[in-house]
Structures are given as structure tokens and as C-alpha cells.
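Have the structure open as you read.

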Amino acid sequence: MNLSSILADVSDAISNTYAGIQERLFSGVVEALLYQLDLTGWSEDVFDGIDWFLFGCIQIALIVLLLRTWERLNPAEPQEKFSNASKADVAYSLFHRLGIFHGLFFIVISGFFFQLDSVLHDFRFARLNVESWWPGVTSIPIISFCIYMILLDLVEYLYHRATHAFNWWWQLHALHHSQTVMTAWSDNRNHIVDDILRAAVFALFALLFGVSPGQFIFLVVISQFIQSWQHANLNIDLGIGKYLLVSPLFHRMHHAVGYGHEAIGKPEVLGGCNFGVLFPWWDMFFKTAVFSKAVYPTGVRDLKLSHNILTQQWQTLRSSARAIFKS
């Protein structure tokens, strides 16, 4: 038996195990609950939603077992104990990674996307259809997946930079930057309005690009886990790799006090550096990249937020509203 057949057998075993778990979870727990709530019409959507939950469980396990252990072995800065602020980050991560946010997002905005998809179809809108660019090459799933990831990363770079360019938007995004104790849990520390806007933009461009539903969930899950690693308290020098993938030190510079939201050399002017989400290429192209091996303290100068999640949401929403009315 050669290596390829062994890998194929392992892949089939993993797929079958995953499918079995998904089926048992749905038939043993979820289906009965939907019946009791008279929501059986949602069965197909909820079954698909179990993917978000299961992949989220895998991510949470990797954060706990891999990233948190890695942080203890090679920390960027000493962290004596798990702070109240970090406990809030864990709650944010569970909300996002276990499918709760994606479920709510689907309920709130899915109707709009279904209608938009219908309109695009009626107008015969030509999506990118990466698979047809180079038949036999870009039609290979892993190749098209990588191309979609690069295209959507450009969208995320531009979106992220916009959150630092408009004061009302920054007041929402400041919640993400308010963490002074960076850990692998810090990625999902966001305002719900900012999250909805970002998810809507990401889903819209994925729709316009023609990303398949199967690829979409993998794009989101892989991106999420890489971003957890980027936010981790890790002192890692990737060498030449720092030009290929956003590292924890590169992203920490984005969160550094005085750099994450203020233009360098221009205090109080909205700006910042290192906006890249997965790849630093966009920062290098748009001249917003700052490569540094220094470990700077993180946070936002003169911003004090509660450790209570609901209070945090209200404080930043109120600041955003004030910025809108002042403009």
C-alpha cells in the first residue's frame, strides 16, 4: 500500500467520523428540539449550521491545547494570571466560534442575500468563476480555494483599514484594540455591529466572487484560526516567512499603543499600520507595513472600558453615535 492510498484511507476515515458525529448530534439532540419548538422547517439550515459548531469546537480545542501552551513556552510579554479582560475575550470567542454569531447573522440577513443572489442570476452577472480561468489548474479545489482566500483577504484589508479611517467606525473597532493583555482569545473581541458589517461585506464579496458554500465555511474557519494565532502572546520571528504570512509580532504592532489607531508621527490622527488580516502583501503594496521585532504594549491610549461584555458593547456604541452626531 503506497502513501497516497494510506492518506486517502485516513481522509475517508476522518470524513466518515465527522459525518457520523454530525448526524448523531442532529438526530439525537437538534431534531427533537426543533420539533418541540415547531421549527422543523429550519431543519436543513440547522443541519448545515452544525458544521459551524463542530469546526468551532475543533478551533476552541486547538486554542486551548496548542496556542495557549505555545504562549506559555514562548511569550512575547510575561502574563502572570488570566485577567478579567481575557475572560471576556473567551466569552467573545465562544460566541463566535461555536456558531452562535453565524446563526444569528444567517437569521438576520440571509433573506437579503438570497434575494441578491436571485437578482444577480436574473441579470446574468458574470462572477469571477476562478475555476474556469485555467481549466485543469484553477479548477483544482485547493488552487481555487487559495485564489479565493487571497481575493477575500484584499477585501478584508480594505475593510479593516476603513475601520481606522472613519471616527464613528473607529469608536466601534476600538473595542477590539482595547485589550492590553493580548492572548489567543483576543481575536473575537469586537462590537456586534462591527462584526455584522464585516460578515456582511465578506459574504457579499464571496457571493460576487462565486465561492461555493463548502469552500466558504473552510475559508472562514481557517482564517479564524490563523487570526487566533496572530493575536496570541507569542514572540515569533518567521524570518523570510514574515513577508508571506502576518505573524503575531507583525499584528501586535497593529495593536501597539499609539500605532494601532493613530497615524505614525501624527498623534490623534486616525490611521495606523499593519492592517493585513492573513497576508502582509497588501500592507507592503499600500505602504502601511511596519516590520519590527520589538514587543510593544498594546491598547488604546485614554480608553477605559468595563470588563462586562454588555457594558463594553454599550460604551463603544454610545461613543460611535456621538461621533456620528458631531460630524
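## What you are looking at

This is a predicted model, in which local features need pLDDT of at least 70 and side-chain atom pairs count only at pLDDT 80 or more, while totals for chains, interfaces and linings use all residues. Residues are numbered from 1 along each chain as its sequence is written, and side-chain values use heavy atoms, with hydrogens and water left out.

## The chain as a whole

The protein chain has eleven helices and two strands. Both kinds of element are DSSP runs numbered from the N terminus: helices are H or I with at least four residues, strands are E with at least two. Reading from the N terminus, the order is α-α-α-α-α-α-α-α-α-β-β-α-α.

Of the 327 residues, 45% count as buried. Buried here means under 20% relative accessible area, exposed means over 50%, and partly exposed is in between (1.4 Å probe, protein chains only). The accessible surface of the chain is about 17600 Å², with 67% of that belonging to carbon and sulfur atoms; these areas come from the Shrake-Rupley method with a 1.4 Å probe, and for residues only the protein chains shown count as cover. As for contacts (heavy atoms within 4.5 Å), take those between residues at least 6 apart in sequence: 72% of them join residues at least 24 apart.

Helix H8 covers residues 213–231. From first C-alpha to last, its 19 residues reach 27 Å, close to the 27 Å expected at 1.5 Å a residue; the expected span is 1.5 Å times one less than the number of residues. H8 is mostly covered, with 15 of its 19 residues buried.

Two packed helices are described by the angle between their axes and the distance between the axes. H5 (residues 141–163) packs against H8 at about 60 degrees, and their axes are 11 Å apart. That makes H5 oblique to H8. The axes are lines fitted to C-alpha atoms, for helices over the stretch in contact, and the angles run from 0 to 180 degrees between N-to-C directions. On that scale, under 35 degrees is roughly parallel, over 145 roughly antiparallel, 65 to 115 roughly perpendicular, and the rest oblique. On the H5 side, the contact is made by Pro-141, Ser-144, Phe-145, Tyr-148, Met-149, Leu-152 and Glu-156. H8 contributes Gln-215, Phe-218, Leu-219, Ile-222, Ser-223 and Gln-227.

Trp-133 sits in the loop between helix H4 (100–122) and H5. With a relative accessible area of 45%, Trp-133 is partly exposed. Its C-alpha is 9.6 Å from that of Ser-144, eleven residues away in sequence.

The axes of helix H3 (residues 84–97) and H11 come within 10 Å and cross at roughly 85 degrees. That makes H3 roughly perpendicular to H11. Ala-88, Ala-91 and Tyr-92 of H3 meet Ile-309, Gln-312 and Gln-313 of H11.

His-307 is in the loop between helix H10 (281–285) and helix H11 (309–326), and counts as partly exposed at 46% relative accessibility. Not counting residues up to four places away in sequence, His-307 touches Asn-84, Ala-85, Ala-88 and Gln-312. The C-alpha atoms of His-307 and Ser-86 are separated by 8.8 Å, though the two are 221 residues apart along the chain.

Helix H6 (residues 167–177) is mostly covered, with nine of its eleven residues buried. Among them are Trp-169, Trp-170, His-173, His-176 and His-177.

His-261 is in the loop between helix H9 (248–255) and strand S1 (262–263), and is buried at 9% relative accessibility. Leaving aside neighbours within four places in sequence, His-261 contacts residues including His-164, Trp-170, Val-269, Leu-270 and Arg-301.

Most residues other than glycine have a negative phi. Which way does the phi of Asn-274 go, positive or negative? Positive, near 55 degrees. Asn-274 lies in the loop between strand S2 (266–270) and H10 and is buried, at 0% relative accessibility.

Lys-287 also isn't a glycine, and has a positive phi of about 60 degrees. Lys-287 belongs to the loop between H10 and H11 and is exposed, with a relative accessible area of 75%.
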